[in-house]
Amino acid sequence: MADENAPQGPLPVVDWLKLPEAGDPYLEAHKCTKCAAIYLGERKSCSKCAGRDCLEPMRLANRGTLYAYSIVYRSFPGIEVPYVSAIVDLEGGGTVKGNLIGVDPDPEKISFGMPVEVVYKDALGRKDREGNSYISYFFQPAQG
Ligand SMILES: [Zn+2]
């Protein structure tokens, strides 16, 4: 008999990060079929056009451009600083906040509009009570 409490492999840090059994992880948004507004996570109605039952799941692109960022020097205990908190406009729509990695936390090295890609990695070794690890998403400067 399988132990239901046994670690079942990594869990997504947010419910809109999808980990399909086959294939690569991806971020999922919901897009309004009436006004094309895009939201992360599930919702029942569109807050832009007030449409109901018009939101369809949409797989977000893994490439985008840096819209804004902030270098964070103070955070919660156990969180290594400095790090770069970023807001990225994804190709095809969707704006996502996350950490920018793979670049020094130095304004000289980071520019608005720079191309970035979404990467999926272990969430810095954090685990829940059952010992499950988490998969998170990060941005990094686009390679080539
Ligand atoms: Zn709408």
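The legends below describe close-up views of a predicted model.

In this predicted model, local features need pLDDT of at least 70 and side-chain atom pairs count only at pLDDT 80 or more, while totals for chains, interfaces and linings use all residues. Residues are numbered from 1 along each chain as its sequence is written, and side-chain values use heavy atoms, with hydrogens and water left out.

**Figure 1. Overall arrangement of the protein.** The protein has 10 strands and zero helices. Here helices (H or I, at least four residues) and strands (E, at least two) are DSSP runs, numbered from the N terminus. From the N terminus on, the order of elements is β-β-β-β-β-β-β-β-β-β. Along the principal axes, the C-alpha atoms fill a box of roughly 55 × 40 × 30 Å. Of the 144 residues, 33% count as buried; buried means under 20% relative accessible area, exposed over 50%, and partly exposed in between (1.4 Å probe, protein chains only). Contacts are heavy atoms within 4.5 Å. Among contacts between residues at least 6 apart in sequence, 49% join residues at least 24 apart.

Figure 2. The SG atoms of Cys32, Cys35, Cys46 and Cys49 coordinate the zinc ion at 2.3 Å. Donors are N, O and S atoms within 2.8 Å of the metal (3.2 Å for Na, K and Ca); water is not among the atoms, so sites may look incomplete. The angles among the four donor atoms are 105 to 113 degrees, and the site is tetrahedral. Four donors count as tetrahedral if all angles lie between 85 and 135 degrees; four count as square planar and six as octahedral if opposite donors are over 155 degrees apart and all others between 65 and 115; anything else is irregular. Along the sequence, the donor residues follow the spacing C-x2-C-x10-C-x2-C. Cys32 has a relative accessible area of 2%, so this residue counts as buried. Cys35 counts as partly exposed because its relative accessibility is 25%.

**Figure 3. Surroundings of Cys49.** Cys49 lies in the loop between strand E4 (38–40) and strand E5 (55–59). With a relative accessible area of 34%, Cys49 is partly exposed. Leaving aside residues up to four places away in sequence, Cys49 touches Cys32, Lys34 and Cys35. Leu60 is 11 residues from Cys49 along the chain, and the C-alpha atoms of the two are separated by 21 Å.

**Figure 4. The nonpolar cores.** A nonpolar core is a set of buried Ala, Val, Leu, Ile, Met, Phe, Trp, Tyr and Cys residues joined through side-chain atoms within 4.5 Å. The largest has 24 residues, and those with the most contacts inside it are Leu27, Val96, Leu100, Tyr120, Tyr137 and Phe139. Two or more residues of this core come from each of strand E3 (26–32), strand E6 (63–72), strand E7 (83–90), strand E8 (95–100), strand E9 (115–127) and E10. E7 gives the largest share, four residues. A second, separate core has six residues, among them Cys32, Ala37, Cys46 and Cys54.

**Figure 5. Pairing of strand E6 with its partners.** Two strands pair if DSSP finds at least two bridges between them. E6 and E7 run antiparallel and are joined by eight bridges. Thr65 stands opposite Asp89 in E7. E6 and E9 also run antiparallel, with three bridges between them. The bridge partner of Arg63 is Glu117 in E9.

Figure 6. Rings of Phe, Tyr and Trp (its six-membered ring) pair if their centres lie within 6.5 Å; planes under 30 degrees apart count as stacked, over 60 as edge-to-face and the rest as tilted. The whole structure holds three aromatic pairs. Trp16 and Tyr137 form a tilted pair, 5.5 Å centre to centre with 45 degrees between the planes. Tyr137 and Phe139 form an edge-to-face pair, at 6.0 Å centre to centre and 65 degrees between the planes. Trp16, Tyr137 and Phe139 make up one aromatic cluster. Trp16 and Tyr137 are both buried, and Phe139 is buried as well. Ser136 is also in strand E10 (residues 133–141), and at 13% relative accessibility Ser136 counts as buried. Beyond residues up to four places away in sequence, Ser136 touches Val13, Leu17, Val119, Tyr120, Lys121 and Ala123.
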